[in-house]
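Subject: Structure handover

Hello,

Please find the structure below, followed by notes on what was found in it. The notes start with the sheet and then move to the helices and a few single residues.

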Amino acid sequence: NWKMHVLFVDDDTMNRRVVRDMLEIAGVKMDEAADGPSGLALIESADYALILMDLRMPGMDGLTAIKHIRERNDAKAALPILVVTADTSLDIRERCIANGADDLLQKPVAMNSLYEAMAMTIANRAQAKAS
């Protein structure tokens with residue numbers, strides 16, 4: 001059981017509901033935003049252990065939202081960010097990491113894959129901070 005608070009930014013209501021259900025099973029509290037600007041606003045007002053970020057959203061895409069987070073002048077600039085996407089481009093993981101994401105998880109998301117990716121992303125970010 002994980003006692004943590006995460007943010008999921010995805011424009012698809014069903015994707016958010018599925019991930020919320022998976023996270024609730026593990027005891028994870030999830031806030032959700034339907035677009036990049038809403039997600040950035042939530043980051044201002046809450047402390048998250050991890051951000052789950054979709055790439056393709058209207059208005060502001062996930063990579064732009066990630067850049068905004070990484071450009072912050074506070075500790076929140078180092079938040080672990082896991083991209084959750086249906087994009088299967090060959091270079092998508094490299095593009096995400098080059099733009100500040102920690103890792104990438106392909107949709108459709110399986111519960112074990114989600115938990116594993118979240119744990120790895122948080123651990124790798126903590127390890128990087130410690131070194």
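Two strands are said to pair if DSSP finds at least two bridges between them. Helices (H or I, at least four residues) and strands (E, at least two) are DSSP runs, numbered from the N terminus. This is a predicted model, in which local features need pLDDT of at least 70 and side-chain atom pairs count only at pLDDT 80 or more, while totals for chains, interfaces and linings use all residues. Residues are numbered from 1 along each chain as its sequence is written, and side-chain values use heavy atoms, with hydrogens and water left out.

The sheet

Five strands form an open sheet in the order β2-β1-β3-β4-β5, with parallel pairing. The edges are β2 (29-33) and β5 (103-106); each has a single partner strand, so one side of each has no neighbour in the sheet. From one strand to the next the twist averages 25 degrees. Angles here run from 0 to 180 degrees between N-to-C directions, and axes are lines fitted to C-alpha atoms, for helices over the stretch in contact.

Going along the sheet, β1 and β2 pair in the parallel sense over five bridges, and F8 stands opposite E32 in β2. Strand β1 (residues 5-9) is joined to β3 by four bridges, again parallel. On that side the bridge partner of F8 in β3 is L52, and that of V9 is M53. Three bridges pair β3 with strand β4 (residues 81-85) in the parallel sense, where L52 has L82 as its bridge partner. Finally, β4 and β5 run parallel and are joined by four bridges, with L82 opposite D103 in β5.

What is covered

Buried means under 20% relative accessible area, exposed means over 50%, and partly exposed is in between (1.4 Å probe, protein chains only). In a regular strand the side chains alternate between the two faces of the sheet. In β1, five of its five residues are buried: H5, L7 and V9 lie on one side, V6 and F8 on the other. Strand β3 (residues 50-53) is also covered on both faces, with L50 and L52 buried on one side and I51 and M53 buried on the other.

M30 lies in strand β2 and counts as buried because its relative accessibility is 4%. Contact means heavy atoms within 4.5 Å. Apart from neighbours within four places in sequence, M30 is in contact with V6, F8, R16, V19, R20 and L23. The C-alpha atoms of M30 and D91 are separated by 29 Å, and these residues are 61 apart along the chain.

The helices

Helix α2 (residues 36-45) lies across β1, β2 and β3 and runs at about 160 degrees to β1.

The axes of helix α1 (residues 13-25) and α5 come within 10 Å and cross at roughly 70 degrees. The two helices α1 and α5 are therefore roughly perpendicular to each other. By the cut-offs used, angles under 35 degrees count as roughly parallel, over 145 as roughly antiparallel, 65 to 115 as roughly perpendicular and the rest as oblique.

The aromatic pair

Rings of Phe, Tyr and Trp (its six-membered ring) pair if their centres lie within 6.5 Å; planes under 30 degrees apart count as stacked, over 60 as edge-to-face and the rest as tilted. A search of the whole structure finds one aromatic pair. W2 and Y115 form this tilted pair, at 5.7 Å centre to centre and with 55 degrees between the planes. The pair links distant parts of the chain, since W2 is in the segment before β1 and Y115 is in helix α5 (residues 111-130), 113 residues apart. W2 is partly exposed, because its relative accessible area is 26%, whereas Y115 counts as buried at 17% relative accessibility.

Regards
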